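Subject: Structure for your files

Hello,

Here is the structure I said I would pass on. My notes on it follow below.

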Amino acid sequence: MVSAYFKWLIFCAILNAASGELIAQWAEFNKTYTNKTLPNGDLSIFRYRVKKYDVVRVTIASRDAKPKFPLLAVFREQNSVVSVEVPVSISHYSYHTVSRTLCPFYSHSASNTFLTGNNSFLSVELSSYREVDFNFIASRVTDFMLKLNEKRKVSASASEPIFFQFNVPTDLDSVMVRVDSNDNVCMTVSVQPVECPVFDLGNNVISSGTWQTMAKSASIPIERRLRDKFYVVFVVQPTDKSCSEMSAIMPSGKTRISGDVKNFTLTIEPLPTRDDYVLPIIVTLTFFLVIYFIAVIFVCLVGNYERVQNTRVSREAMSIMNSSQESVSATVQQREDYGTISMVDEVRTVDASTVRVRQPATAANYDTVSQVSDGCSDDDTEVQFSTTVINVALLSQNDYRKTDIKYRRYMWSLLTIAMFYGLPVVQLVLTWQETVRVSGNLDLCYYNYKCARPFFGFSAFNSIFSNVGYLLLGFLFLVLVKEQQYRYDTQMTLLRNRMDTAYGVPQHNGIMYAIGIAIMMEGVMSASYHICPSKSNYQFDTAFMYIIGALGMLRIYQIRHPDVNASAHVSFAVMAIFIFLAMCGVYLNGLPFWIVFAVTYTMVMFSVSIQFYYKGRWKFSLSGICTEFKYSCRQLKCYNFILPKHKGRFVFLFFANAINFTYIVIGVKNRPTDFPSFLLFPFTVNLFLYMLYYMLMKYIHKERPVIRSVLFMILSFACWIASMYFFKNTGNDWSITPAQSRDMNHDCIIFNFYDSHDVWHFLSAISVFLSFAVLINIDDDLLSKRRDQITVF
């Protein structure tokens with residue numbers, strides 16, 4: 001009914017103005033007119049003389065008007081008609097005071113000339129079904145045009161939106177519309193093209209241009225190539241529903257005179273030009289090229305020195321090996337006949353070279369398992385082995401080439417996963433970037449808008465480019481692994497003997513190549529995530545972090561357990577389960593999900609602990625437990641069933657499981673919303689614990705890691721500590737609302753281009769590189785040591 005009357009009122013206003021039957025009152029700006037509407041719905045007309053480029057703001061108030069009998073106002077501008085209803089209803093609230101800023105009075109025709117005659121005035125028509133009082137005032141806006149770097153104090157309310165205009169200087173590529181406030185009143189900030197009508201109402205402000213919600217902070221970068229001039233529109237929301245996680249209680253029929261007023265400061269700041277981007281980009285690339293240069297110098301000098309030393313020591317070992325050929329032959333025979341090891345026999349103290357082939361099982365005193373195999377061996381012989389200390393020779397029985405193929409499957413499997421996972425991810429996030437551009441909804445992406453540098457069509461190019469460290473250092477890691485393998489193969493060739501099968505730890509670098517590829521893919525996935533950071537795609541940023549952590553632990557375990565390590569398809573299947581849980585944790589954060597996660601994690605933790613403690617020689621079963629218990633009691637040593645036989649492993653597993661279990665309990669209790677980051681903690685912490693345990697056990701067993709491995713470990717820990725500081729001081733958080741996330745935004749800290757999260761990218765890339773560089777040469781001190789003398793721990 002009101003809508004129909006509006007249309008009739010506009011029609012009558014135009015018709016009567018054309019016929020001149022009604023008498024219009026010429027009004028003055030900045031003067032308040034208080035009166036009542038004419039009876040029978042007749043029009044009260046006010047006319048204001050305007051000049052070219054005048055901007056007028058009108059305010060109307062009425063206490064008598066009701067939703068059934070509202071005060072209707074029509075503003076006839078040069079090229080458009082604006083209508084206002086008092087009281088206005090916004091989200092179940094009624095407001096009796098309404099203010100609007102009208103479009104500037106200049107022609108939008110092709111000739112761009114100001115029209116004269118009857119079009120050189122503003123006409124205001126007021127009417128109502130019944131007589132109601134009104135207060136009406138119109139004033140010229142003298143500060144409509146914004147200036148660069150000017151701090152403008154502005155106020156607005158739900159029924160009194162406001163907008164301004166800014167023209168981008170030609171010497172700038174982009175500017176930042178920055179809004180700051182001390183209160184939490186929810187408001188929508190919109191940047192719209194200079195067109196009329198302006199969408200400045202709560203129900204249409206998101207229909208044009210680029211917009212975002214704000215509580216205390218809003219920042220919108222604008223490129224001049226897209227808009228050389230624009231309106232900045234401010235519409236206060238009647239409730240905080242769009243800005244807060246708490247939905248407001250909205251009573252029906254609530255009446256407000258003017259509503260909550262939001263006070264804020266508006267600033268238009270210049271952003272760096274494209275020429276200014278050159279310096280941080282060149283400095284970044286130069287920094288990583290310096291790391292490449294240092295690596296090359298390091299390999300040429302230190303690597304050559306170590307190669308000479310290792311060759312000398314290895315030749316001495318070869319002479320000793322040739323002088324004791326009979327002993328070596330016995331050892332080789334032991335390696336060829338070795339199958340599996342009984343858990344029960346481990347408690348006996350017999351010479352390590354005592355190996356006997358087991359006949360078909362006739363005694364119940366021993367618990368044997370089938371030979372651990374990766375599917376490449378057809379030897380199903382079962383053996384008994386009696387020793388208290390396991391050496392590497394016993395766990396490297398399979399054919400070297402077949403075992404090497406097994407570990408190279410990690411690399412090829414990861415490459416396949418990267419292709420099938422990475423390509424759709426890149427396509428998807430590019431589509432999201434285009435969706436943001438077309439829709440103008442900046443709430444879709446959780447950028448640090450105060451340091452978002454647009455370039456190449458990306459809203460935050462700096463956050464994307466800062467991941468270049470993962471790509472460059474991941475490639476450098478692959479080069480160093482290849483160099484180490486080439487140096488080792490060359491050394492073995494010079495010795496002209498099968499020393500590589502009898503000395504040092506087995507050299508299988510398939511997992512190391514997979515780690516290098518995973519580091520590079522982390523850079524690609526992190527860059528893809530930062531194209532449009534949000535809850536929906538955060539798993540892209542963390543998926544390969546999980547894989548890197550898991551591969552690191554597998555690599556450390558593989559060094560001295562080449563025959564009993566997990567195969568590639570099993571490992572990646574377990575990783576897929578955790579990535580699936582991470583995805584579910586984003587959307588299913590209730591107690592049932594956390595119970596399922598806790599049970600799954602505990603089962604995996606228990607399975608890994610059994611494998612780590614018994615080195616693949618015993619599987620959890622009731623018969624195995626009973627056999628072990630009977631054997632211990634028969635030897636009058638029942639306490640052997642309870643006391644740990646391998647104290648070093650037991651202490652490590654005890655503390656590691658205690659930390660993991662405590663962390664899971666804390667998670668179930670608190671149920672953090674950022675589940676992917678919560679899940680990332682166990683992968684990184686367990687990797688560090690395992691690395692420390694490995695290094696400590698080397699020292700306990702009188703092994704001396706090469707200096708560079710120790711140095712890399714110290715540097716990696718220092719980098720991790722520094723990087724975690726910047727990780728915690730992030731400028732956004734997708735687990736809360738977009739408006740609340742923008743309250744965390746902060747300015748750039750380096751070159752006016754990089755923020756704290758970009759620094760995290762650089763430092764974490766270096767930390768990951770150094771952490772795994774430790775593993776490249778961690779056991780180079782064992783190259784001349786017999787494998788049957790290298791302890792497994």
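**Contacts of S764**

Apart from its neighbours within four places in sequence, S764 is in contact with Y470, W720 and S723. This is a predicted model, so please read the notes with that in mind. The residue S764 belongs to helix α16, residues 756-776. Its relative accessibility is 0%, so S764 counts as buried.

**Q485**

Q485 sits in helix α6, which covers residues 468-495. Buried here means under 20% relative accessible area, and Q485, at 16%, therefore counts as buried. With neighbours within four places in sequence left aside, the contacts of Q485 are R408, N509 and Y513. For Y513, the side chains are joined by a polar contact of 2.8 Å with Q485. As for N509, 24 residues separate it from Q485 in sequence, and the C-alpha to C-alpha separation in space is 7.7 Å.

**Helices α9 and α10**

The other item is a helix pair. Helix α9 (residues 568-587) and helix α10 (residues 591-614) have axes that come within 11 Å and cross at roughly 160 degrees. An angle over 145 degrees counts as roughly antiparallel, and α9 and α10 are therefore roughly antiparallel to each other. The crossing of α9 past α10 is left-handed. On the α9 side, the contact is made by I577, F578, L581, C584 and G585; on the α10 side, by F593, F597, T600, Y601 and V604. Sorted by class, this contact of α9 with α10 has 8 nonpolar and 2 polar residues, and no charged ones.

Regards

How values were computed. Residues are numbered from 1 along each chain as its sequence is written. This is a predicted model: local features need pLDDT of at least 70, side-chain atom pairs count only at pLDDT 80 or more; totals for chains, interfaces and linings use all residues. Side-chain values use heavy atoms; hydrogens and water are left out. Helices (H or I, at least four residues) and strands (E, at least two) are DSSP runs, numbered from the N terminus. Buried means under 20% relative accessible area, exposed over 50%, partly exposed in between (1.4 Å probe, protein chains only). Contact means heavy atoms within 4.5 Å. Axes are lines fitted to C-alpha atoms, for helices over the stretch in contact, and angles run from 0 to 180 degrees between N-to-C directions. Angles under 35 degrees count as roughly parallel, over 145 as roughly antiparallel, 65 to 115 as roughly perpendicular and the rest as oblique. A crossing is left-handed if the near helix is turned anticlockwise from the far one by less than a right angle, and right-handed if clockwise. Ala, Val, Leu, Ile, Met, Phe, Trp, Tyr, Cys and Pro count as nonpolar, Asp, Glu, Lys and Arg as charged, and the others, Gly among them, as polar. A polar contact is a pair of N or O atoms within 3.5 Å; within protein, one must be able to donate a hydrogen and the other to accept it, and residues adjacent in sequence count only if both atoms are side-chain atoms.
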